[in-house]
Number of protein chains: 2
Amino acid sequence: MSKKDKKKIYKPKTISGFPEWLPEVRRAELLWFDHIRKTFESYGFCPIETPSVEELDAINAKGGDGGADVDKEAYVLERLHKEDGDKEARLALHFDQTVPLARYTAQHFNDLTFPFKRYQMQRVWRGERPQAGRFREFYQCDIDVINVDTLPLHFDAEMPAIIWEILSSLPGMENEKIQIRISNRKILIGLLEGLNIKQAEYVSEVLRSVDKYEKQGEEYVRNSIIELSLRLELGKEQGKKISNTIIEFLNTKNIANVKSLSDTMSEGITELSFVMDQLSHLPEGSVVVDLSIVRGLDYYTGTVYETVFVDDPSYGSICSGGRYDDLASNYINKQLPGVGISIGFSRLFDRIRAQDKLPKLGISPADILICLPEEEARSTMMQAAQDLRGKGYKVETFHSPSKIKRQLAYAEKKGIPYVWFPPFSGNSDHEVKNMLDGTQSKTTPESWDK
Amino acid sequence: MSKKDKKKIYKPKTISGFPEWLPEVRRAELLWFDHIRKTFESYGFCPIETPSVEELDAINAKGGDGGADVDKEAYVLERLHKEDGDKEARLALHFDQTVPLARYTAQHFNDLTFPFKRYQMQRVWRGERPQAGRFREFYQCDIDVINVDTLPLHFDAEMPAIIWEILSSLPGMENEKIQIRISNRKILIGLLEGLNIKQAEYVSEVLRSVDKYEKQGEEYVRNSIIELSLRLELGKEQGKKISNTIIEFLNTKNIANVKSLSDTMSEGITELSFVMDQLSHLPEGSVVVDLSIVRGLDYYTGTVYETVFVDDPSYGSICSGGRYDDLASNYINKQLPGVGISIGFSRLFDRIRAQDKLPKLGISPADILICLPEEEARSTMMQAAQDLRGKGYKVETFHSPSKIKRQLAYAEKKGIPYVWFPPFSGNSDHEVKNMLDGTQSKTTPESWDK
């Protein structure tokens, strides 16, 4: 190349927070998606997919589910060069699947059948500052059940059963010790009611503090309740009494031992007991009551879920959700309660990938590479490929006649487990070589079976 | 609700150009994706997925493949409220999968195995003004084979074979008459060379005019070549002669009858003949030579493809592509030739949907609804559901004890083909009802088979 012809080269790099995988990793990611989708569908959840964007006005009407800060995190779309007079609604990439679900349910209300059981596996975007382990573009895999006016508790129990089935058998996750932790917000709220605490600020501060119980510990919760009591002029003694009651409550492992102090609390205990009863077929320790689970969101009103790695609880929840009373009153004049749970897919997948636990897959999905020993064998090669594809095999054909050694090396590099030799001038039979054990034998496309 | 409590409701509506389907349509869309993916993989193509965005600088370095106008159509992301000092690269949603493929191949060059056969099925975004039949967010399903320095013609023939297999058997497309039309740009360019036409402007104007042959007809092409000849001072007589030669050429159906006027032309004829030879096993008329296919892009250098509905050619191409010499020289100092083809998925799917030809699927993916005749039957219901799921069936369980009639109506509405009655106080057997023919019979979860 002469100097004059030299092109300026723009060297591409990874965009921080936007993950991208090599083909063999993408194949494992698709295995995961297939597994999750199959399990969701095996419980009768139907798929929906919403556009990547919502109108900014629609997002603002609904607000986030609390997991995202709309103002700070939303990515808004701009056309590079707008023409004068373009007056279009402003669009923003969705930052969760809850706002889109609410909008979808309201918009298509008359065309949906309730209870509406839907799953949704899409990318969401959050324009946070890049941090280790945080993505700006990532997948969420959500299920929700929405009904009109009331929603049976049946579905609160179905959520953890599905999640357990998925997480305990995702390829590469089989040896992870995970645990789904469940509570019901009515219990703690009812406890405060029973203690005659009515100030909204007190209640929400206690919830926030209890939410940090796992990470910050007992003393933190105790102190923040005492401080809070002083600040809201309930007195130190009263504060101590309340904090003792709450700490004792949080340490109760068996809901049968929780004493109800109010109707709301009784309701919560009954609901949680029903849910746990329905899950008794799952392995010991897979789903447990944890009364410190509250989820930091005002949005939830009953059952709440979190899921942790038992050996690494500080990693935080990999799958969370709960029950809410009001999905979409900003969009429609209906009472739409629901219960849902969301797998933080990309973060989980990336953890297992980084720990080198994903199944080792070849670059090519092909089961067989058919060699081309000489140009004259091309039509035999193509025919064998079609025959084998017809039997359900995935088949690559080698593109040009070349040394068999080179063709074997190609199969090896791409991770193709069988190499096929069609008849050619040197051999009148089909032969197939098992790349794993090195054996080679005569065969035909009609008779061959892995 | 009192007046004071009345919330302001934001009534959601469809965003023009951003399609969204009801669950039963989304289920058909997933069937299509599964079918396409399975076929791509059966030829050994590996999956990749790139982020939804590219750096604007990277897009500008590469430019579009000609299908999109970067400046006018790119959607750029803006954070709603940037903090001072945020100096991040500007990001834009990709408007095709060619720019991302080029960037990906260059960036991961050392980790890829060549020939690199990849498929990619993602959304792309084009901020065009909304028009009937044009989407701003839509799926493309692409395959490309990239190699270093040279790429065997084998792959030029593989593309239409795969596309034919896919399009002729997409659910709902079985009765569509489609046709893949192939040419090789070297033939027409070589023809002009043979006619001693060397002005770059003349050549590219002729290509542009021939590209409109199908839509505008013979007279249009003839006149525009004569006009062009006058404008570039070749004279009217010469223009007439050239236009006659070109029109005669365009009407040649059999490449064996094309007379070569130059080396480039001979090369094109040889290549096209090889490709057609490899496709001779396909049904008559499925893949044909059409010398008027040029694709309007400078990008392509050899084989070019378009695909039309035979009964509605004015609808335009539903699947196009071709061979290019230089995928990524803007990103890497390597010669990377490739050949690829792209299915304009969403537009095609929407056509078949609007024509009501999609397979009729139920809202629920479930095969079976298990009824709950009374609360006492709940654990039997749940057990039967687990057993049947273990056998590979998709099973919904009814959520609350209620009249059987109501539960049957639910199955009917959701399109679930079998309704299952677990034993309860009124009946000690499992029974199953076929909703299609109305028959009902005793069974067990262990023995049942559709």
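**Close-ups of a two-chain predicted model**

**View 1. How the two copies relate.** Residues are numbered from 1 along each chain as its sequence is written, while chains are lettered from A and ligands numbered from 1 in the order in which they are written.

**View 2. Where chain B meets chain A.** Here 72 residues of chain B are in contact with 72 residues of chain A (contact: C-beta atoms, placed from the backbone, within 7 Å). Helix H1 (residues 23-42) of chain B gives the largest share of its side, six residues (helices are DSSP runs of H or I, at least four residues, and strands are runs of E, at least two, numbered from the N terminus). Sorted by class, the chain B side has 33 nonpolar, 16 polar and 23 charged residues (nonpolar: Ala, Val, Leu, Ile, Met, Phe, Trp, Tyr, Cys and Pro; charged: Asp, Glu, Lys and Arg; polar: the others, Gly among them).

View 3. Strand S3 (residues 75-79) of chain A runs antiparallel to strand S3 (residues 75-79) of chain B, with five bridges between them (strands pair if DSSP finds at least two bridges). Look for Glu78(A), which sits opposite Val76(B).

**View 4. Inside the nonpolar core.** The largest nonpolar core has 181 residues, and those with the most contacts inside it include Ile163(A) and Ile163(B) (a core is a set of buried Ala, Val, Leu, Ile, Met, Phe, Trp, Tyr and Cys residues joined through C-beta atoms within 7 Å; buried means 20 or more other C-beta atoms within 10 Å of a residue's own, placed from the backbone). Leaving out residues up to four places away in sequence, Ile163(A) touches Ile180(A), Thr307(A), Cys319(A) and Ile341(A).

**View 5. A five-stranded sheet in chain B.** This open sheet has mixed pairing and the order S13-S12-S14-S15-S16. Strands S13 (395-397) and S16 (440-443) of chain B each have a single partner strand, so one side of each lacks a neighbour in the sheet. Strands S14 (residues 418-421) and S15 (residues 430-434) of chain B run antiparallel, joined by four bridges; Phe421(B) has Glu431(B) as its bridge partner.

Conventions: Predicted model: local features only at pLDDT ≥ 70, side-chain atom pairs only at ≥ 80, totals over all residues. Contact = placed C-beta atoms within 7 Å. Buried ≥ 20, exposed ≤ 12 C-beta atoms within 10 Å, placed from the backbone.
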